[in-house]
Amino acid sequence: MDYTIGTVAPILLFPLAAFVINAFIGRKLPRQGDWVSIIGILLSFGWSARIFNDFVFGHYSSDYYVHKVFTWIDLSYGDFPFQIDLGIYIDNMTAMMLLMVSGVAALIHIFSSFYMKGDPRYGRFFTYLSLFTTGMLGLVLSENLLSVFIFWELMGFCSYSLIGFYYEKEEAGNASMKAFMTTRVGDVCFLLAILGIWSVVGSVSFVDIYNHLASGAFEGQVAILGIPLASFCAFMIFAGTIGKSAQFPLQVWLPDAMMGPTPCSALIHAATMVAAGVYLSLRMYPLMEAGHLTTFIAYIGAITAFGAATIALIQTDIKAVLAYSTISQLGYMVLGIGVGSYNAAFMHLITHAVFKACLFLSAGSVIHSLHDHHTHGHVQEMPRMGGLRKKMPYTFLAMACCTLAISGVPFFSGFVSKDRILGDALYWGITGHHAHWYQAIPPILGFAAAFLTAFYMCRMMFLTFFGEPRDKELYEHCHKEKLSLNRNIPLLLLAVFTLGVWYSGSLTGQGKVKVAGDRYEWFSTLIEKPNTSNFREYTKEPFGLKDTRGTVHFEKSHYDPSHGLSEEEAHHVHTAHNIGAGLSILVAFLGIFIAFLMYIRKSMDPGFWVRTFHRWNKALKEKYYFDHLYIDVLIQKVLLTVNRLLAAFDMGVYDRFAIDGMASVNRWLYKAANFFDNFIVDNSVDLTGVSVKFLNVASRTVQSGKVQFYFMVLILAVSFYILKISF
Amino acid sequence: MFHKVLIILSSALTVASAIGVLVTKDIVRACIFLFFSLFGVAGIYASLGADFVAVTQIMVYVGGVVILMLFAVMLTGGPGKESAGSKGYLLIPMMGNKITFGFGIFSGLVLLLTMAKITKSVIASVTISEVEGFASTVERIGSLLVSEHVLAFEISSILLLGALVGAAMIARPRKNV
Amino acid sequence: MENLLSCILWLPVVGIVAVLCTPKGKDNAVRWISLAVTTITFVLTLVLYCNFDTSMSEMQFAIKVPWIKAFHIFYSLGVDGISLPMIILTSLLFAICIMSSWTITKSVKGYFALLLMLESSVFGVFMSLDFFLFYVYWEIMLLPMFFLIAVWGGENREYAAIKFFLYTFFGSILMLVGMVALYYVTGQSSSSFDILALQGGNFTNEMVSIFGYDFHFNKLFFWFMFIGFAIKVPVFPFHTWLPHAHVQAPTAVSVILAGVLLKMGTYGFLRISFPIFPEASVHYSTAIAVLGVVNVIYGAMCAMAQTDVKKLIAYSSVSHMGFVMLGLAAMTVQGMNGAVLQMFNHGTSTAMMFLLVGILYERSHHRWIIRPDGTKGFGGLFTQLPNYSIIFIIGMFASLGLPGLSGFISEALIFLGIYERFTTITVIAVFGLLLGAAYLLWMFKRMFFGEVIEECKSYTDVNAREIFYMLPLCIAVVVFGVYPTPILDIMRASVGELVTLLSRF
Amino acid sequence: MFGLAWYLGIGFVLFCTGITVMIARKSIVAILIGIELILNGAAINFVAYSKFVTQDLDGHIFPLFIIIVAAAEAAVGLAIVIRFYQIRETIHIDEATQLQS
């Protein structure tokens, strides 16, 4: 395939066209235009698959990339060059993201045609989905940070619209606004990072940034308050990630985002959009390193992973459990970035997208079939479920696969990626040569979170699908699941890809327990940290020309079990990974076992733990008081009070006294002068009465507002003037 | 002789009636005095040899404006209603009070003084000569109006038209006041 | 072609005559005449745009005829890349405002005549190349504004109108002083009022003595001009007329006020202050930037506390014009271009917002988000007015700077321009975007989400006329958000020339 | 004796009387009468000068125009008086306070 913007653009344009068609004439089309969106995303998927094929099976080189730009805005004049380019940057990571995004999105589109059926705004939902897919694909294809930002915000808008999809509910409004505003805090920081980078690089193209990083342009630059520019920019970009990927301390929006329809939760708030933050941090990984931010990132990731997992323990809403598990898993990815586990973090992004999309769709399938005839709403509360595996076997099958994957059970994808992150964290924090004492906490939190993940996911499964139905009426009304194209097939397809064998030839992903051999370690081989020194000689490629890189020969990458490290170091790494693999298998099975004891055997009483840790339980119920802190304290008490004071000051004080006060000042001056006159006259002239009377008459006459008096004064003044000047 | 009598008579009529306008209590009488004053002015024009102007003065002013004013007085409630300020022995005219009257006289006198001073210097500076005899000016004024002053003439016609329409518009009775 | 500008300038005057000559009672004829006149004017500005040479930075379509010879005052018109976008914006907004004023019933003739008079005077300001002519149009503009607010306004209209008038008049008097000072310092020559001849920084060494103190001519009179224009923008300490005027003015006048008249202030900076006093401008650019950032943050914070929709949007205008000030203070190509683009984009997006509030007001006859007694003024409008809500979303997100809609590009360019010069200020100002999103979304949430409250159930959705006049703005907002090059191309050369001039100091 | 000074004197007396009437009277009609007197006082000057100084007929043209203007003014002014009376039921000038704040 000849890679020019024109040949790649259809990926973006198909969903965009679907969006435009649906936005304008969707309501008039048959089936409200859902097929337009689905066809659009399927075409896009086909195109992505072709690129994936080219990159993964064709070149098979880790540093191959395609970079094309065109000028979007050109303001150059005279000695002042300024232009903003847009374009495409495709490397292996982009290719995989494209395939993942379009694939997951296509399946979710299909599932939506089942889930949203009968909704009064069925067509509009697909319109939003198409726009969202456009945004995500655009973000993945972007060659610079500014266009990443553009699509990033566009997805923020879609997220806002979809969370507020049921706008009759007051809470939907709150949740959508909360989501948009919280992520916007990160966005604003991201924008600042763009500005900072622009001031040094003169562009925000990835390749330009790598180029300047390689040549050391960031060294010695100071942003504000003496902070080095590289750290500033890295922190600000990571702040964007914190906002978008719901990391501590901006994680509050994601659970509320479950107000939206379940398919959109699956697509946006689990599989793709939230991963955009991680994707961005991965792209900017060299900057993070240059800014010495990795330890900080690891801490944020570990805290998020652990904290969210603890909150998930006590959730009773099936979607809320999944929401917190999403935050927790995103925390793992961020932890992976922090500990330098670039490849594994990205792999976890992909695997997580697949199994989390599947989990959400399964949850959607469950929720959709549980219809409460009293409130005419769907039921999401797990205490009212139970024993559903007989009613919906296919959903159960898909969800079980995903639960095993997310719990980190061997042979499933979650194990491959999460285990490698944990192994790297272990090496980075505890067993490695460069490990400092303060680096020990993230891996410990990571393992603890892995245990909790296994526990709460299995708790969810057991509460939902096993045991006796707790709400008989609900259970009776639930129809037996039949295999249908738009309900179960997407779930089962996604479930198939939760198997680890698709991503790695070995059990742990480290080539340790080889199942299929090095040949299938394509993922580890193809994804590598951006090597900035490759970009040292980089010059911009103009629009539309043939790929000059096609003539350059790239070495076909081979799997290197020691990852370019020396033998001794590689041994250390492998030891750490072996320990890590063992530990994570252990904690996973421990979690599953405890859940089994608590909810199937009922030999352990969950109430006991609740009572023992009742204070913690309360904190968990309040989500660690973050909502309280942000909304009640920071916004209501501080920000709004300040705003009200300012507004009152503006209109009530400044405007009233300083501006309108001018008039009063005039009036007072006049009065003072008048008083002064009277006072002087009263005291200095003997004829007090006469003078007062005269003054009264005079001032009354002067102030009469009568035309004739003015006329007289005019006459007298003119006369006086004439007498004075001419004689 | 006739000339001198004319001058004296019309001057006396003009000034006396003007004073009458000033001092009379009744607005209808003020209009009548105005009538006489303007008539006197016409006489002055005649004595100056401006026959055409004199005739116009009588026709337009005396015949038109004063009658118009009388109508206005009648349409606005007639005489006597506004003479509340005219009590006591002092001859204070209606619709004013002592103060305004005093100020009026005062400023009038000041102005007169000013003008006298101006006039003195003006008369001293111009060469005065008198045209002998009397010739009718009508024909010459007519030709002047259509040649040299034609623009002003036309504009005045538009002005009159505008005033006519405007006056009619303004005075038109309306219900929604 | 030479007379094209004069045609655009005087066509509304012809419209006034036509409107005034319409027989009484024929209100519809008045409306159609006004619409026809403004539409033809808009078409003429498009002709102007098509014939405009984007590669030139000089004045085009220039015309110069002596007006008052004794004082070397000329009837001198011309457009360049800075004024052309404003002219197009003006003619577009006026045509839309005429359509939105269809429901006005109180002295229709007077209203439309005043609107047309306003249009002509605004054109005059944007086209004048003679300082005196500029000043004359600047003052003429006050007259129709005063009456439009004082006669057709809300319940407290006299106060607002007088306040608006006095405030602006105060500014213009300072400007007049500056103009006269320039006239004398240039020796009362034939170029004393010629804006083009004055610019270039010729007054770096002049001194003036006031009350025995010596001042640099350009630094002193830069501030005179600055205050004159700053009141119009409005910059922070001079902004309090804006909420009053906006709240009291009828919808169309609010649109014009926010969409066009505020731009006259920043246009004044670009056309008069910066080119004539470049040294002082560069010297005081920090002060301008600080005022700009205060505008951004202060305006946004005040907006958040408002419970009246129109007042909220009025304060948001204060906030957004702060971005323009920041862009001007940057004095780089991207910042300046961003500022001019922001002037245009703010014109479209804020006009949308005011029109939408006006549409709502016609149905509800109040504008409270939360009434003073604490109850909700609106609720569930999304359910009740679906099409209206979609237009509102477009306008709102354009206003808060969502990428893909027009506000974003100009703000991004402004930030890119100013970051290198004033890093700290930029870091503060960027959070204005956050506050901007906060107050708009909060307003949206309170008005549009939730159950439909009882009194909103009688509201009808937007009708065909309303959709018809909102459509051009929606298109402009989306198109210039994705592809701003048509506008940037116009202004690039002229702005570049100005930046080149400023960079020499 | 009856030279230029005489006529000018008459004119000035008329003029000043008119001024005094304007100032002293409170009736709008009376004020209009005062204005008529003022105009006539001015017109006499023109004719007098034309006879004694310039000796052409331009001085005669001006009184004609003054008469025209006076007629127009009287018509409009009286119309306003009538309208005012319709609204206020008086023609006292101090009642015309609508424009005062």
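**Close-up views of a predicted model**

**Figure 1. Overall build of chain C.** Chain C holds 20 helices and four strands. Its radius of gyration is 22 Å, close to the 23 Å that the globule rule gives for 505 residues, so chain C is as compact as a globular protein of that length. This is a predicted model. Taken along the principal axes, the C-alpha atoms of chain C fill a box of roughly 70 × 60 × 45 Å. Of its 505 residues, 61% count as buried. Among the contacts in chain C with a separation of 6 or more, 79% are accounted for by residues 24 or more positions apart.

**Figure 2. Overall build of chain D.** Chain D contains three helices and zero strands, and from the N terminus on its elements run α-α-α. The radius of gyration of chain D is 17 Å, whereas a compact globule of 101 residues would have a value near 13 Å. The C-alpha trace of chain D spans about 50 × 25 × 20 Å along its principal axes. Of the 101 residues in this chain, 59% count as buried. Contacts between residues at least 24 apart make up 50% of those in chain D between residues at least 6 apart in sequence.

**Figure 3. The contact between chain C and chain A.** Chain C gives 47 residues to this contact, and chain A gives 40 residues. On the side of chain C that touches chain A, at least two residues come from each of several helices, among them H12 (285-304), H14 (333-364) and H20 (485-503). H18(C) supplies the largest share of this side, 14 residues. By class, the side of chain C that touches chain A has 28 nonpolar, 15 polar and four charged residues.

**Figure 4. Packing of two helices in chain A.** Two packed helices are described by the angle between their axes and the distance between the axes. The axes of helix H6 (residues 145-163) of chain A and helix H12 (residues 273-283) of chain A come within 10 Å and cross at roughly 160°. H6(A) and H12(A) are therefore roughly antiparallel to each other, and their crossing is left-handed. From H6(A), the contact is made by Val148(A), Trp152(A), Met155(A) and Ser159(A); from H12(A), by Met273(A), Ala276(A) and Leu280(A). By class, the contact of H6(A) with H12(A) has six nonpolar residues, one polar residue and no charged residues.

**Figure 5. Cis peptide bonds in chains A and C.** In chain A, Phe248(A) and Pro249(A) are joined by a cis peptide bond, for which omega is about 5°. Pro249(A) is situated in the loop between helix H9 (229-244) and helix H10 (253-256) of chain A. In chain C, the peptide bond from Val233(C) to Pro234(C) is cis, with omega near -10°. The loop between helix H8 (217-232) and helix H9 (241-248) of chain C holds Pro234(C).

Figure 6. Gln32(A), a residue other than glycine, has a positive phi near 55°. Gln32(A) belongs to the loop between helix H2 (10-25) and helix H3 (34-59) of chain A. Is Gln32(A) buried or exposed? Gln32(A) is buried, because 21 other C-beta atoms lie within 10 Å and the cut-off for a buried residue is 20 or more. His72(C), likewise a residue other than glycine, has a positive phi near 55°. His72(C) lies in the loop between strand E1 (60-68) and strand E2 (73-79) of chain C. With 19 C-beta neighbours inside 10 Å, His72(C) counts as partly exposed.

How values were computed: Residues numbered from 1 in each chain as written. Chains lettered and ligands numbered in written order. Predicted model: local features only at pLDDT ≥ 70, side-chain atom pairs only at ≥ 80, totals over all residues. Axes fitted to C-alpha atoms, helices over the stretch in contact; angles between N-to-C directions. Parallel < 35°, antiparallel > 145°, perpendicular 65-115°, else oblique. Left-handed = near helix turned anticlockwise from the far one by under 90°. Contact = placed C-beta atoms within 7 Å. Nonpolar A, V, L, I, M, F, W, Y, C, P; charged D, E, K, R; others polar. Rg over C-alpha atoms; globule rule 2.2 N^0.38 Å. Buried ≥ 20, exposed ≤ 12 C-beta atoms within 10 Å, placed from the backbone.
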